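Trainee: Before we use these coordinates, I would like to go through the labels attached to them and ask what each one rests on.
Mentor: Then let us take the labels in turn, setting each value against its cut-off.

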Amino acid sequence: MKFKVGYDLMLLQKHGVKVPIHISPESHLIIVGGSGSGKSTSLLYFLHKIKQGNNIDLAICDFKCSHEFTGITSNFAEFEDCYDMITK
């Protein structure tokens with residue numbers, strides 16, 4: 001199973017071609033960027049696209065305690081509680 005999370009922006013801008021980007025649930029993802037660059041917003045969109053129409057077991061550990069990911073899943077922990085969730 002793969003999830004469509006968006007389109008290749010470079011190909012769209014350069015050639016006007018919409019090439020979908022898919023990700024497998026077994027994949028790993030890293031989001032990198034400076035402060036205020038939209039990393040959390042991108043991740044929230046990504047999680048929304050994955051959960052949309054799919055029954056998945058999602059676990060979120062928010063070490064930063066940003067409270068932005070609260071309510072997305074029942075498997076949620078912040079800061080010190082993350083260790084307990086990971087090791088259970």
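Predicted model: local features only at pLDDT ≥ 70, side-chain atom pairs only at ≥ 80, totals over all residues.

Trainee: Which elements make up the fold, and in what pattern do they follow one another?
Mentor: The secondary structure consists of three helices and four strands, and along the sequence they are arranged as β-α-β-α-β-β-α.

Trainee: What makes the protein more spread out than a compact globule?
Mentor: The globule rule gives 12 Å for 88 residues, whereas the radius of gyration here is 15 Å, well over that value, so the protein is described as more spread out than a compact globule. The C-alpha trace, taken along its principal axes, spans about 50 × 35 × 20 Å. Of the 88 residues, 19% count as buried, and the exposed surface comes to about 6,800 Å², with carbon and sulfur atoms supplying 56% of it. Among contacts between residues at least 6 apart in sequence, 21% join residues at least 24 apart.

Trainee: Which residues make up the largest nonpolar core?
Mentor: That core has 10 residues in all, namely Phe-3, Val-5, Ile-23, Phe-46, Leu-47, Ile-50, Leu-58, Ile-60, Phe-69 and Ile-72. For membership, the residues have to be buried and joined through side-chain atoms within 4.5 Å. As for one of the members, Ile-50 touches Phe-3 and Ile-56, once residues up to four places away in sequence are set aside.

Trainee: Why is Thr-73 called buried?
Mentor: The relative accessibility of Thr-73 is 15%, and the cut-off for buried is under 20%, so Thr-73 counts as buried. Thr-73 is found in the loop between strand E3 (59-62) and strand E4 (75-78), and, leaving out residues up to four places away in sequence, Thr-73 touches Leu-58 and Ile-60. From Gly-36, by contrast, Thr-73 is separated by 37 residues in sequence and by 25 Å in space, C-alpha to C-alpha.

Trainee: How do you know that Thr-41 is exposed?
Mentor: Exposed requires a relative accessible area over 50%, and Thr-41 has 56%, so Thr-41 counts as exposed. Thr-41 is found in helix H2, and its C-alpha atom is separated by 8.9 Å from that of Glu-68, 27 residues apart along the chain.

Trainee: What makes Pro-25 partly exposed?
Mentor: With a relative accessible area of 45%, Pro-25 is partly exposed, since exposed would need over 50%. Pro-25 is placed in the loop between strand E2 (20-23) and H2, where, not counting residues up to four places away in sequence, Pro-25 touches Met-1 and Phe-3. The C-alpha atoms of Pro-25 and Asn-54, 29 residues apart along the chain, are separated by 11 Å.

Trainee: What is the phi of Cys-65, and what is that of Phe-79?
Mentor: Cys-65 has a positive phi of about 60° although it is not a glycine, and Phe-79, also not a glycine, has a positive phi of about 45°. These values call for comment because most residues other than glycine have a negative phi. Cys-65 is found in the loop between E3 and E4 and, at 28% relative accessibility, counts as partly exposed. Phe-79 lies in the loop between E4 and helix H3 (81-87), and its relative accessible area of 48% makes Phe-79 partly exposed.

Notes:
Residues numbered from 1 in each chain as written. Heavy atoms only, no water. Buried < 20%, exposed > 50% of the residue type's maximum accessible area, 1.4 Å probe, protein only. Contact = heavy atoms within 4.5 Å. Helix = DSSP H or I, 4+ residues; strand = E, 2+ residues; numbered from the N terminus. Rg over C-alpha atoms; globule rule 2.2 N^0.38 Å. Areas by Shrake-Rupley, 256 points an atom, 1.4 Å probe, with all protein chains shown as cover.
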